[in-house]
Amino acid sequence: MITQEIGIWIGLALIVVVFAVLFTFVPVALWISAWAAGVKVGIFQLVGMRLRRVIPHRVVNPLIKAVKAGLDISTNKLEGHYLAGGNVDRVVNALIAAQRANIDLSFERCAAIDLAGRDVLEAVQMSVNPKVIETPFIAGVAMDGIEVKAKARITVRANIDRLVGGAGEDTVIARVGEGIVSTIGSAKNHKEVLENPDMISQTVLKKGLDAGTAFEILSIDIADIDIGKNIGAGLQTDQAEADKKIAQAKAEERRAMAVAQEQEMKARVEEMRAKVVEAEAEVPMAMSEALRSGNLGVMDYMNFNNVKADTDMRDSIGKATSDGEDEEGTTPPGARR
């Protein structure tokens, strides 16, 4: 009896384990849900998904949603998109939204957009409800040198045909910013821009900035405009300061050259004085040689000394006379002319 009971319990445990493994590997509940929704998905097809490492509910649930919405999509397409790394649920939602909005969108194009890394559901929604992109303050300088800052709001609609390979929002903002700077720069003065800010949007719209992008620009509106710095005056001030520094540098160069020339002249004067002293030192030697050779007599030598003494006396009198005069050029009392 004990052996039979043990065998019965072991059999029941094996049955439980088998059913647990079966219900874990085979999504019976998911198959029942698909069957109740009218979606033809076989039990062996679900087992095949398990073997192909596909999570069944990631494919079956979107398939149920598509069938209920009236879309004709095969299980193989959804499974292939899942294996390619796509988001099956988002693709199905985008197809349903496109069908409701009467937008011609095939499963292949929708899957390609999703695999390209773009949110295909958001793109479909943006095709129905346009999006507003706000740019930061973009600064431009008018011809009179005044800086003008403008902020724009760009209303765009997604272009589904160009979602794959088309440029994104950053490119649109950059192109609009370039157009704003160009328009402000072509204005004669900043007052024209302030009086007619719509000239910016009209000029930018004519350039076809949405070419090659994933969007279609519907309108460009100037949300705010402001005055910035006087760039022209600042540039002129900087130029004047630079010219001043250049002139100062040239003047300093000329002063240094003049000082160097002055020092050179002083050196030459000292050199000449040295030559004079050297020449004067040779005079006594020449006179002694003349006396020795008889070319100069004693009386001649005495006359030379008298002339020299008279010259020294005259120099002394001249210096005393010049020292005795006051600042006004008059001679003090008691001084001798």
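The dialogue below takes up confidence, helix packing and an annotated region in turn.

Q: What should I know about the origin and conventions of this model before reading any value?
A: This is a predicted model, in which local features need pLDDT of at least 70 and side-chain atom pairs count only at pLDDT 80 or more, while totals for chains, interfaces and linings use all residues. Residues are numbered from 1 along each chain as its sequence is written, and side-chain values use heavy atoms, with hydrogens and water left out.

Q: How is confidence read, and what is the mean pLDDT of the protein chain?
A: The pLDDT is the predictor's confidence in each residue, on a scale from 0 to 100. For the protein chain the mean is 81, and 91% of the residues reach 70 or more. Where pLDDT is low, the predicted coordinates should not be read in detail.

Q: How is a helix pair described, and at what angle do the axes of α6 and α8 cross?
A: Helices are DSSP runs (H or I, at least four residues) numbered from the N terminus, and their axes are lines fitted to C-alpha atoms over the stretch in contact, with angles from 0 to 180 degrees between N-to-C directions. The axes of α6 and helix α8 (residues 120-128) come within 8 Å and cross at roughly 15 degrees. That angle makes α6 roughly parallel to α8, since angles under 35 degrees count as roughly parallel, over 145 as roughly antiparallel, 65 to 115 as roughly perpendicular and the rest as oblique. The crossing of α6 with α8 is left-handed, a term used if the near helix is turned anticlockwise from the far one by less than a right angle, with right-handed used if clockwise. R90, V91, N93, A94, A97 and A98 of α6 make the contact with V120, L121 and V124 of α8.

Q: Which residues of α5 and α7 meet?
A: K77, L78 and H81 in α5 meet F107, E108, A111, D114 and L115 in α7. Helix α5 (residues 75-83) and helix α7 (residues 107-115) pack at about 15 degrees with their axes 11 Å apart, and are therefore roughly parallel to each other; their crossing is right-handed.

Q: How do α9 and α11 cross, left-handed or right-handed?
A: α9 passes α11 in a right-handed crossing. The axes of helix α9 (residues 169-186) and helix α11 (residues 198-205) come within 9 Å and cross at roughly 125 degrees, which makes α9 oblique to α11. On the α9 side the contact is made by V176, G179, I180, T183 and I184, and on the α11 side by M199, I200, T203 and V204.

Q: Where does UniProt place the feature "coiled-coil region"?
A: UniProt, in an unreviewed entry, places this feature at residues 262-289, and such annotations may be inferred rather than shown by experiment. Over residues 262-289 the chain is 100% helix and 0% strand, with the end C-alpha atoms 41 Å apart. A290 is found in helix α12 (residues 231-293).

How values were computed
Helices (H or I, at least four residues) and strands (E, at least two) are DSSP runs, numbered from the N terminus. Contact means heavy atoms within 4.5 Å.
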